[in-house]
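Reader: I'd like to go through the charged side-chain pairs here, so could you take me through them step by step?
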Amino acid sequence: MTGHQPGLPCMVMRGGTSKGAYFLARDLPADPRERDELLLRIMGSPDPRQIDGIGGAHPLTSKVAVMSASASPDADIDYLFLQLGVDTAHVSDRQNCGNILAGVGQFAVERGLFPAADTETRVRIRMVNSGSLATATFPTPGGQVEYAGATAISGVPGTAAPVLLDFAGTEGSACGSLLPTGHVSDVVDGVPVTCVDNGMPVVIARAADLGVTGYETPAQLAGDTALLDRIQSLRLRAGTLMGLGDVGEAPVPKTTLVAAPRYGGAVTTRTFIPLRPHESIGVLGAITVATALSMDGAVGRELLAPPAAGEALGIEHPTGRLDVAVELDGDGAGGGVRVRRSAVVRTARKLFDGTVFPRSY
């Protein structure tokens, strides 16, 4: 493509510990292939620096949210999440993103898709990737979105207004069931694992079973090529068992290594997305890990420091912790567990609102 390329409306937001470009569906091509090709040019992919686009040269900042009013009676907004490759020309809709979700309600209000209430606004959001529902509640004093506040989350400097995310129907989001292998635990590629999908397909293993402590920094993990080879072999085999097919080019399943907590949380985690070590942990990934470790017989459950009754599970990660509330019916015995509710508190902030110009070649 050559010649003049017109710009299109775009809002860049930080949602939780991710950052992405937010669009109205009507501002993008209706054809998915044309849409994805345009978004790759907007982000500057494929290029490890994304120098000719607005991507941040990292999977956590190469994300897109696409919104429209929902036709479903159970939702107000439809939210499609797209994960764009950084150094590959790849766009995936095979997963949700709970961090980018943290800015969806505010974007909907800013763009006039949903009216703001006088003090706080609740937006029911259908996550198009899986069909599950989430409710975002955030402050709107005087009918205006308020981004400033006193809530701090690990991995983000400073404070901002709280966003409560309440999830329903997330189990089996990509795999069709909470326990996609039919078991609470399996041995895959010689490693004991628990494969769970409560909003994010995750393979959970003890860090010690892969020859690491679970307390390494992301940089240390990234430099351990033997470990990354093990992780890739493990997720490829697990992906097939989880009903995801060939996941060689897919961002899921994620792999999370668990160890005993060190800083007052319930468990320590190190997550790979899918091979790059995560500086923290994704919202739905943390919810899935918390769900798994709440089940009898899950791999790593013996490492869990159970919270007091009614308290959230503190999921420790390299830059802090993420507190997750998960309520289950059943304990996993016989595969009869059901998720009643899961919730987290995040923050979000509008960074830029204007016109983005994709590269024209």
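Reader: How many salt bridges does the count come to?
Author: The count comes to 16 salt bridges, where a salt bridge is a side-chain nitrogen of Lys or Arg within 4 Å of a carboxyl oxygen of Asp or Glu. This is a predicted model, in which local features need pLDDT of at least 70, side-chain atom pairs count only at pLDDT 80 or more, and totals for chains, interfaces and linings use all residues. Residues are numbered from 1 along each chain as its sequence is written, and side-chain values use heavy atoms, with hydrogens and water left out.
Reader: OK, which residue does R126 pair with?
Author: R126 forms a salt bridge with D78, and their closest N and O atoms are 3.0 Å apart.
Reader: Is D78 buried or exposed?
Author: D78 is buried at 11% relative accessible area, while R126 is partly exposed at 26%; buried means under 20%, exposed over 50% and partly exposed in between, using a 1.4 Å probe and protein chains only.
Reader: Switching topic, which residues are linked in a network of salt bridges?
Author: The network links D166, E327, D329, R340 and R341. Within it, R340 and D329 meet at 2.5 Å, N to O.
Reader: And what is the N to O distance for R341 and D166?
Author: The side chains of R341 and D166 form their salt bridge at 3.1 Å.
Reader: How accessible are those two?
Author: R341 is partly exposed, with a relative accessible area of 27%, and D166 is also partly exposed, at 22%.
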